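Reader: I am new to this structure and would like to be taken through it step by step. Could we look at it together?

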Amino acid sequence: MRRLTWFNTTSLTLGFAFLYLPMIILIVYSFNKSELVTVWAGFSTRWYGELLENDAFLDAAWVTLQVAVVSSTVATVLGTLAALVLVRAGRFIGRTLFSGMIYAPLVMPEVITGLSLLLLFIGIGLDRGVLTIILAHTTFSMCYVSVVVSSRLVSFDRSLEEAALDLGCSTVQAFRLVTLPIISPAVISGWLLAFTLSLDDLVIASFTAGPSATTLPIKIWSSIRLGVSPEINALSTILIGIVAVGVISASLITKSASLRQQAEERAAVKA
Amino acid sequence: MPETVFEPWNDPDAEPLIRFRNVTKRFGDFTAIDNQTLDIYEKEFFALLGPSGCGKTTMMRMLAGFETPTEGTIELSGQDIAPIPPNKRAVNMMFQSYALFPHLSVWENIAFGLKRDRMDKDSIAARVEEMLKLTRLEKFARRKPHQISGGQRQRVALARSLAKAPKLLLLDEPMGALDAKLRQDTQFELMDIQEKTGTTFVIVTHDQEEAMTVASRVAVMDHGRIVQADTPARIYEDPESVYVADFIGDVTIIEGTAQPRREGFYEMTFAEAQPGISAQSERKFTAGQACALAIRPEKVVISAEKPENGVNALKGTILDIAYLGNISTYHVELPGGQVIKAQTTNTRRLSRRNFTWEDEVWLSWSETAGVLLEG
C-alpha cells in the first residue's frame, strides 16, 4: 500500500468531512436525551421509541413505500417498452422527436413537471391522493428506466433473438426466454433507480399529494417548518441506515457476482 | 459396377430441395440480390462464396426467413416459403457470432429448440446426449458459454442448430472466429457431420479455400449475382469469367486479341514484341476479338534453358520470389512489362534454389494449361 502524502491526506479528510459531517451530526443528535436539538444532554434512544408511536410518520412511511413499489414497477415496464421501441424500431417517422421527448423530463425542472401534473389532475377531476402520486412518480422515473435499459439494449446482439426465433420461439417467447433474462441486470437497476427516486422525491410529490395521503419527505419537510425535533433526527438516521444497507448490499452482490464470474472464466481457460 | 457419383445437379429428374426462382431483394435503392435463379439439392454441401457485400448473407437470411424476397419465390421441397415465419420453417441456422444464449448452459442451449417443440423430457435428454456425443462436448454439458473455448462454442452452436434435425442447415461464416489450424480440423469435422446426418448444408463464406474444401458445389457471387455455380474442381480449372478465375486461387490474366487457327485452337497476341500464345478453347472467338488467358502458376514451367518442344515459351526476368515453404512462386516479367506467375514445388529439403532475382528464365506451358476467356 502506498503511503499518502500530507497533501493527499488533508484533501481527503476535508472532502469526506464536507460530505459526511452534517450527517454525522444528525446521527449523533438523534441519540440525544434533550428535547433541544442543539444541546447535548447524554445518550438515549428515547426518540426512536417515540417515533414508533407517531402514527402520522408511520402512515407517511407506509404511503411512501406503496408509492415507491408501485410506481417503480410500472415505470420499469413502460420504460423497458419505450427503450425496446427506441433501440429496435429503427428509423420511423418522428423517431427523433419521440426519443427527445423521452429524455426531456430528465432535464425538465421538477417544479414544472409537478405543476403540469397538478393542472392535469385538476383538469380531469382526479382527487389527489396515493394514486396521483403514483402516476406522477411513474411519469418521471420511467425516463430514467428507459435510459438505463436502452444503453444495455444498444450493445445487445440481435442475432440472439434471431437464433431464438430460428429455434422455434414466437416473438413473445423470444423476448421472455432470451432477451429479458439477458438484459435483466439493467432492468433491475432501472427499477432500483426508480424506487430510490420515488422514495426521496419532495417537489413533485408535494404538487400531487393531497390531504388524504402524504409521503415521508413531505412530512419531514413540513415538520421542519415547525422546528427541528429530535424525532426527525431519529427518522432521518433510520432512512440513512436503510439507504446505506441497500447501497452497500447491492454493490457487494454485484462485486461477488463479478468475482465469481472471473473465477469461473479462469477455471474454464485452465481446463 | 460403376460407382454412383453424387451429382444430382446433372440429373434432369432430380427434384431440388431449394429452388430460387427469379429472386430479387432490394433494400431501399440498393439491390442486394438481382433476379437470381438457383437450385440446391438434398444432401448437398453448398457454398455461397463472395466478397463482403456481394449478397451471399442476404440469400441465406431469405432461406432462414429473416428477409423476404422483393420479387420471385423461394421453394423448399416444392413449397413457397415466403409466408412461413422463421420459427415454423424446417430450417435452422448457425450464426456467425454463434448467438449462444449466455444465461443457459451448453445442455440447455442445445435443448432450447427441442423444448419449443413440446417434446417429452426423456426424448429431449436423449437427443441432447446424441448431439453432445456427435460434437464431442459431453464433458462440457453443464458449463456456461463463457466457460468454454472458442472452438467448443462453435461446436455448441452447431449442435444446437442440428438438434431439431432440420431439412436444411444454414451456416453463416461458421469458422470465421477460429484460428487457421483449428479451422482446418473443423472443416473436416463439419464434412464428417454433414455426411453422418445427411442434412443439406448451405454455407456462407468469404474464404475460398474453405468453400473449396467442404462444398460439393460452390456459387461464386458478385454484386448480387451468382457468377458461376459449379463443383470446386470446375470452378478452379474451368472458370467461366475473368472474375471467377481471379477470385479463386492464384492466377495470371493475360489480355490480348484472339486469332482462330485450326478447329478449337486459337492464337492470342498480347504484346508487340512477343510471339502469340497458342491455346485450346471450347469457347468460340472471332478474329480480332478481345480475350484473356487465365493461367494458374502451377501450370507454368520455369527453366533456365529454352525448353525443347514447349508450345508456348517466353523469356523473362525474375522480379520477385515468394517462398512459402512447400512451394515457391516466381513473378517473371516479360520484356513488354507483362508479369506471369510460375510455381515450383520444393520437393527436396536441402537443394540449392535454382533461380534468384534478376535471373533470365524461360516460362513454358501447354495449349490446354490456360483457359481462354472473353476479355
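Reader: What share of the contacts in chain B with a separation of 6 or more comes from residues 24 or more positions apart?
Author: In this predicted model, residues 24 or more positions apart account for 64% of those contacts in chain B.

Reader: And how many of its residues count as buried, as a percentage?
Author: Chain B has 375 residues, and 38% of them count as buried.

Reader: What are the dimensions of the box that the C-alpha atoms of chain B fill?
Author: Taken along the principal axes, the box is roughly 75 × 55 × 50 Å.

Reader: How many helices and strands does chain B have?
Author: There are eight helices and 20 strands in chain B.

Reader: Into which domains is chain B divided?
Author: Domain 1 of chain B covers residues 8-243, and domain 2 covers residues 250-374. Their centres, taken over C-alpha atoms, are separated by 39 Å.

Reader: How many residues does each domain give to the contact?
Author: Domain 1 of chain B gives four residues and domain 2 of chain B gives five. On the domain 1 side, the residues divide into two nonpolar, one polar and one charged.

Reader: Let us turn to the strands. In what order do the five strands of the open sheet in chain B lie?
Author: The order is β15-β19-β16-β17-β18 in chain B, with antiparallel pairing. The edge strands of chain B are β15 (301-303) and β18 (339-345), each of which pairs on one side only. From one strand to the next, the twist averages 45°.

Reader: Which residues make up β16 in chain B, and how many bridges join it to β19?
Author: Strand β16(B) spans residues 312-323, and six bridges join it to β19(B), residues 360-365, in an antiparallel arrangement. Within this pair, Thr317(B) stands opposite Glu360(B).

Reader: And how many bridges join β16(B) to β17(B)?
Author: Six bridges join β16(B) to β17(B), residues 327-333, and these strands also run antiparallel. Here Ile318(B) stands opposite Val332(B).

Reader: How many residues lie between the strands in the hairpin of β16(B) and β17(B)?
Author: Three residues lie between them, and in this hairpin Gly325(B) takes a positive phi near 90°.

Reader: What about β17(B) and β18(B): over how many bridges do they pair?
Author: β17(B) and β18(B) pair over seven bridges, in the antiparallel sense. His331(B) stands opposite Lys341(B) in β18(B), and Thr329(B) has Gln343(B) as its bridge partner in β18(B).

Reader: Which residue in the turn of that hairpin has a positive phi?
Author: That residue is Gly337(B), with a positive phi of about 105°. The hairpin of β17(B) and β18(B) has five residues between its strands.

Reader: Changing topic, how many residues from chain A and from chain B take part in the contact between them?
Author: The contact takes 17 residues from chain A and 20 residues from chain B.

Reader: Which helices of chain A each supply at least two residues of its side?
Author: They are α7 (158-166), α8 (171-199) and α11 (230-270) of chain A. Of the side of chain A that touches chain B, α7(A) gives the most, with six residues.

Reader: How do the residues on that side divide into nonpolar, polar and charged?
Author: The side of chain A that touches chain B has nine nonpolar, three polar and five charged residues.

Note on methods. Residues are numbered from 1 along each chain as its sequence is written. Chains are lettered from A and ligands numbered from 1 in the order in which they are written. This is a predicted model: local features need pLDDT of at least 70, side-chain atom pairs count only at pLDDT 80 or more; totals for chains, interfaces and linings use all residues. Two strands pair if DSSP finds at least two bridges between them. Helices (H or I, at least four residues) and strands (E, at least two) are DSSP runs, numbered from the N terminus. A residue is buried if 20 or more other C-beta atoms lie within 10 Å of its own, exposed if 12 or fewer, and partly exposed in between; C-beta atoms are placed from the backbone. Two residues are in contact if their C-beta atoms, placed from the backbone, lie within 7 Å. Ala, Val, Leu, Ile, Met, Phe, Trp, Tyr, Cys and Pro count as nonpolar, Asp, Glu, Lys and Arg as charged, and the others, Gly among them, as polar. Axes are lines fitted to C-alpha atoms, for helices over the stretch in contact, and angles run from 0 to 180 degrees between N-to-C directions. Domain bounds come from an automatic or database domain assignment.
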